[in-house]
Amino acid sequence: MQYIKTLRQYGIFVVFIIISLILSFISPQFLTVSNWTIIITQASINALLAFGVTFVIITGGIDLSLGSMVAVTGVTAAMLAHPDTFPVVLPIFAGLLTGLLMGIFNGFIITKSKIAPFIVTLGTMTIGRGLALIMSKGRPISNLSDSFNFIGGGDVFGIPFPIIVLAIIFTICSITLKKTLLGRYIYAVGGNEQAARASGINVNQVKMAVYSISGLLAGLAGVLLTSRITTGQPNAGAGFELDAIAAAVIGGTSTSGGTGTITGTLVGVLLIGVINNGLDLLNVSSYYQQVVMGAIIIGAVVLDSWNQKSNS
Amino acid sequence: MPSNSQNILQVQNLSKSFLGVKALDNIQFDLQKGEIHALMGENGAGKSTFMKILMGLLKPDSGEIIFEGEVLKSNNVHENLQKGISMIHQEILVVPELTVAQNIFLGRETNYRSWLNDKAINQKAQEILDAIGIKINAQTKIKNLSIAEMQMVEIAKAISNNAKVIIMDEPTSALTDNEVAMLFKIIKDLKAKGVAIIYISHKMDEIYEITDKITVLRDGQYIATKNTNELDKNALIALMVGRQINDLRAAFRFLENNSIKGESILSVQNLNKKGKFKDINFEVHAGEVLGIAGLMGAGRTEIARAIFGLDKYDSGEIIIKGNKVEIKSPEDAIKNGIGYVSEDRKALGFIPALSIKENISLSSLGNFAKTWFVNASNEHEAATRLSTDLKIKSTSINQKVMTLSGGNQQKVVIGKVLLTAPSLVILDEPTRGIDIGAKFEIYKLINQLTDKGIAVIMISSELPEILGMSDRIMVLSKGKQTALLSKQEATQEKIMQYAVE
Amino acid sequence: MKHLYSILILSVFLFASCNQSKKVENSGEKKIKVGVTLLSMQNEFIVNISDEMNKKAEELGVELISVDAEHQPLKQIEQVESFIAQKVDVIIMNPCEVEASSPAVTKALAAKIPIINVNSATSTKPTAFVGSNDVESARIAMKFIADQLGGKGNVVMIHGLMGQAAQIQREQGAKEILKDYPELKLLAHQTGEWDRAKSMDLMQNWIQSYGTKINAVFAQNDEMGLGALKALQDAGLKDKVIVVSIDAIADALQAVKKGSLDATVFQNAKQQGAGAIETAVKIAKGQPYEKELMIPFQLVTKDNVGQFLKK
């Protein structure tokens with residue numbers, strides 16, 4: 001059984017390799033270091049969101065408020081990031097904290113009210129968008145300090161900073177899911193919530209944790225995005241949650257909960273990134289891009305359900 | 001081909017493997033009209049796979065099924081149903097929100113006109129129910145029925161299908177004695193009408209009471225077919241487990257519990273939960289087995305759930321080792337040294353997608369962790385130890401629990417509870433649906449626990465088991481505690497008397 | 001008892017408000033009531049129009065009811081229906097869609113309430129139109145590019161959300177100019193969905209595939225222009241590529257002033273907002289008004305950016 005699980009991850013990995021190979025044949029610019037640097041940099045924001053939502057989906061939940069959280073946290077950070085006001089740590093910290101608080105709010109409502117996460121986070125999504133518009137008065141917040149703009153635009157030894165952030169967060173999330181108590185409990189709650197409770201796991205605490213993680217990572221994504229485009233946009237991040245969920249599902253996270261890995265999600269994120277990049281390089285019309293992306297998502301889910309059948 | 005014209009079903013050289021593991025190897029099976037044929041075997045012997053193939057849920061790798069002289073080729077449940085093969089499942093597959101009649105004709109509504117016609121369906125359903133002597137109104141919603149009644153509905157459904165072969169998988173596991181008697185009467189009526197029945201059960205006395213023939217499978221292989229009256233219990237058990245086991249009574253004697261009662265581990269005082277149980281008082285000591293007997297719905301499981309923190313109770317006190325404790329969740333219960341093995345393995349026992357190791361360590365993972373991180377080697381070691389102690393059959397402890405047989409899943413759940421080092425273990429129907437070999441292993445295990453000074457509460461519907469294992473027996477009836485009997489005074493008759501009081 | 005109280009309070013309140021409206025009428029100056037429905041208050045340019053409307057309305061003593069259609073034509077129609085029910089004197093609509101918002105115009109006219117389209121058009125003719133011709137803005141931008149490149153070179157174009165009136169018209173304007181300059185080649189065009197981050201990603205990908213072949217970028221709004229600009233700056237290519245966009249939002253004016261954005265096209269939100277209110281007042285008072293009040297566009301470059309920054 002173990003090998004089926006790995007095969008499934010390889011399955012999407014194989015798709016990823018094949019698509020990359022095809023693109024490198026068609027477009028000579030595709031397989032270059034500079035292009036891959038761009039692909040990974042562009043994918044980094046979606047990756048952060050997708051990692052967060054992977055935790056949530058494994059517990060059997062969903063987080064639709066990711067995009068709005070990106071906007072709120074981005075605007076919060078931007079408001080504090082004007083040159084010669086506060087040290088750069090403050091806007092970053094404020095962005096992360098805002099995300100964390102929104103995540104805690106999601107978790108609190110979900111565990112206390114027993115309302116479906118779909119509904120709760122749908123509410124937070126709307127609230128968040130409104131807050132971002134209120135805070136920014138509907139206008140983008142620009143004129144940010146250079147040190148703040150470094151987070152999304154700068155590089156260290158030639159490696160763009162977002163890639164470094166991505167690598168660190170990937171490692172932390174991977175280890176959390178694989179090696180820690182919390183990680184095991186997340187799988188247990190998603191695999192069979194009742195049995196997890198009967199095994200002495202505090203299910204509510206686990207749920208609080210995953211929504212908080214999701215919020216915190218959305219905060220980080222918000223800060224990164226704001227810094228990358230050097231402005232805090234109240235309407236940034238619209239629809240980001242769907243890309244993140246798609247990446248997790250493509251990467252083998254089952255929407256019924258209990259299974260999924262961070263590595264799989266990363267492959268999902270990169271696959272989406274590669275397709276976006278490749279189709280742009282080939283100057284394929286945006287209309288077709290949407291069709292291709294949709295087909296890949298459905299393909300991944302079908303693959304997933306086949307594997308579940310063959311498991312049982 | 002048909003050697004015997006009376007044979008309604010003939011199975012020849014049937015084989016099936018999953019991922020290279022043979023689940024069925026060359027199975028032979030003949031079934032005659034009007035015959036009640038027991039299919040016996042330990043869990044994992046291949047009974048479920050065999051039945052799934054007969055139902056058309058699975059496709060065999062090789063071999064033939066001949067039904068009424070024709071080779072049955074389809075692997076389509078609906079088609080097999082129409083030809084006359086029905087199954088009464090162990091887990092009842094009814095739709096709770098629909099009525100009895102709607103369930104009986106589910107998926108076949110259009111046979112009675114092209115529009116949904118509840119009136120015709122109700123009438124037809126009621127006729128069938130009356131014909132088999134079941135007193136259920138066809139317009140009642142399923143969710144308002146008892147499990148036994150739901151089972152009767154399933155039988156009615158099979159009859160409405162003009163079933164010629166009915167497969168019954170552990171049909172009595174949730175029934176009271178009265179209900180079992182009623183079921184047997186229905187089965188005998190069906191037999192008289194020429195319906196053939198494949199009867200799967202672990203309960204010896206039922207097999208001997210009702211079946212004509214017994215076919216034994218072991219490890220996916222066909223072992224033997226004998227007339228029931230020519231095969232005694234010991235011989236049957238020997239065929240099933242492939243080794244000689246003395247009869248039940250001898251085994252209990254061998255297992256005679258010699259441990260000495262110790263301090264009071266758990267004391268329950270005036271425990272109440274409205275509509276579930278009332279004024280429950282008992283005490284369990286270290287090294288003692290307290291049996292809880294009673295009919296279905298007497299409140300046995302509800303008391304266990306309340307003590308373990310799964311449900312809230314209204315009033316009363318729970319005292320552990322002399323200290324009054326408040327248990328609000330299973331987490332609290334485990335911290336207080338209580339372990340619970342639920343009757344409902346699938347819902348409350350294990351996480352199907354996690355491995356044996358991950359399930360066993362789940363309740364005590366904190367003990368294998370440094371701050372936040374799981375210590376993989378400690379965990380592996382402990383899980384391996386328990387898996388070996390409990391003789392869990394698997395390819396490795398990394399095998400997912402959903403791929404194990406029922407008995408082995410139960411052992412995983414027990415392993416998980418034992419790893420928390422409990423001072424009290426509550427076993428709720430620990431041997432339900434598992435085979436004789438595994439049952440004895442669980443009895444032995446209970447004695448090992450009491451030898452170590454662990455207190456055990458055992459809830460069971462099987463009276464011989466309760467009588468054989470318990471030091472004292474609490475009897476419940478309709479949520480009330482009607483007796484607390486010592487081993488010496490308890491008899492089957494007495495327990496039944498108090499249980500229906 | 002409780003009921004009695006509430007009835008009492010209610011009637012007192014009603015009486016008071018009746019009295020009040022009478023007073024206004026008596027003074028001979030009934031306040032003009034104008035209903036405004038806007039495409040989206042998440043769009044800075046629309047917010048600017050709205051702000052100007054509020055300012056002008058206060059100045060002229062007009063009562064404004066302002067609502068946000070959130071990009072949804074259906075919502076906009078419902079809002080207009082509610083204005084009709086409230087019997088406003090004039091409706092001002094900033095349409096979501098050329099076709100889909102048209103029924104709102106038909107309904108208002110059928111109810112004999114004048115309706116003014118501001119900023120963009122509908123297929124059904126309203127009582128009056130105040131705005132600018134989007135086709136013209138793109139012509140101005142593309143003409144600037146053509147002049148800078150001497151009529152020769154490779155251009156990439158970043159579209160807004162495909163299918164929206166502004167996108168369609170700005171594409172049309174750009175293509176008209178491209179036709180006049182056969183040596184000006186459109187290398188690639190894709191949508192940036194009016195979004196800065198998306199356009200930045202798109203530009204990065206184009207830089208990968210076309211490198212230094214790109215001579216100029218035309219973005220259909222400033223947000224996207226600034227995104228493309230950022231990508232070019234990061235790649236160290238800004239000196240070699242001309243970037244032009246439309247709208248002249250604050251960020252874009254700053255960028256023009258710094259010399260990083262080569263030009264933007266000023267669409268006068270203030271004049272559009274003020275013009276709409278003024279036209280509404282004229283119609284309400286039965287005075288003559290212009291059926292099509294065109295607010296001209298202006299090209300903003302480093303030379304003249306100062307005058308726009310002050311505004």
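A nonpolar core is a set of buried Ala, Val, Leu, Ile, Met, Phe, Trp, Tyr and Cys residues joined through C-beta atoms within 7 Å. "Buried" here takes 20 or more other C-beta atoms within 10 Å of a residue's own; 12 or fewer is exposed, anything in between is partly exposed, and C-beta atoms are placed from the backbone. The model is a predicted one, so local features need pLDDT of at least 70 and side-chain atom pairs count only at pLDDT 80 or more, while totals for chains, interfaces and linings use all residues. Residues are numbered from 1 along each chain as its sequence is written, with chains lettered from A and ligands numbered from 1 in the order in which they are written.

Q: Which residues touch the most other members of the largest nonpolar core?
A: Leu49(A), Ile426(B), Phe218(C) and Ala228(C), out of 264 residues in that core. Helix H2 (residues 33–58) of chain A gives the largest share, 15 residues; helices (H or I, at least four residues) and strands (E, at least two) are DSSP runs, numbered from the N terminus. Domain 2 (263–337 + 422–501) and domain 3 (353–421) of chain B each put in at least three residues, with domain bounds coming from an automatic or database assignment.

Q: What does Leu49(A) touch, leaving out residues up to four places away in sequence?
A: Leu66(A), Leu217(A), Ala218(A), Ala221(A), Phe240(A) and Ala244(A). Touching, or contact, is C-beta atoms, placed from the backbone, within 7 Å.

Q: What makes Lys478(B) partly exposed?
A: Lys478(B) has 15 other C-beta atoms within 10 Å, and therefore counts as partly exposed. Look for Lys478(B) in the loop between strand S21 (472–477) and strand S22 (480–486) of chain B. Phi is positive there too, near 45°.

Q: How do you know whether H11(A) and H12(A) are oblique or parallel?
A: Start with the axes, which are lines fitted to C-alpha atoms, for helices over the stretch in contact, with angles from 0 to 180 degrees between N-to-C directions. Helix H11 (residues 240–250) and helix H12 (residues 262–281) of chain A cross at roughly 120°, their axes coming within 7 Å. That angle makes H11(A) oblique to H12(A), because under 35 degrees is roughly parallel, over 145 roughly antiparallel, 65 to 115 roughly perpendicular and the rest oblique.

Q: Which pair of chains has the most contacts?
A: Chains A and B, among the two pairs that touch. Chains B and C do not touch, and their nearest C-alpha atoms are 38 Å apart.
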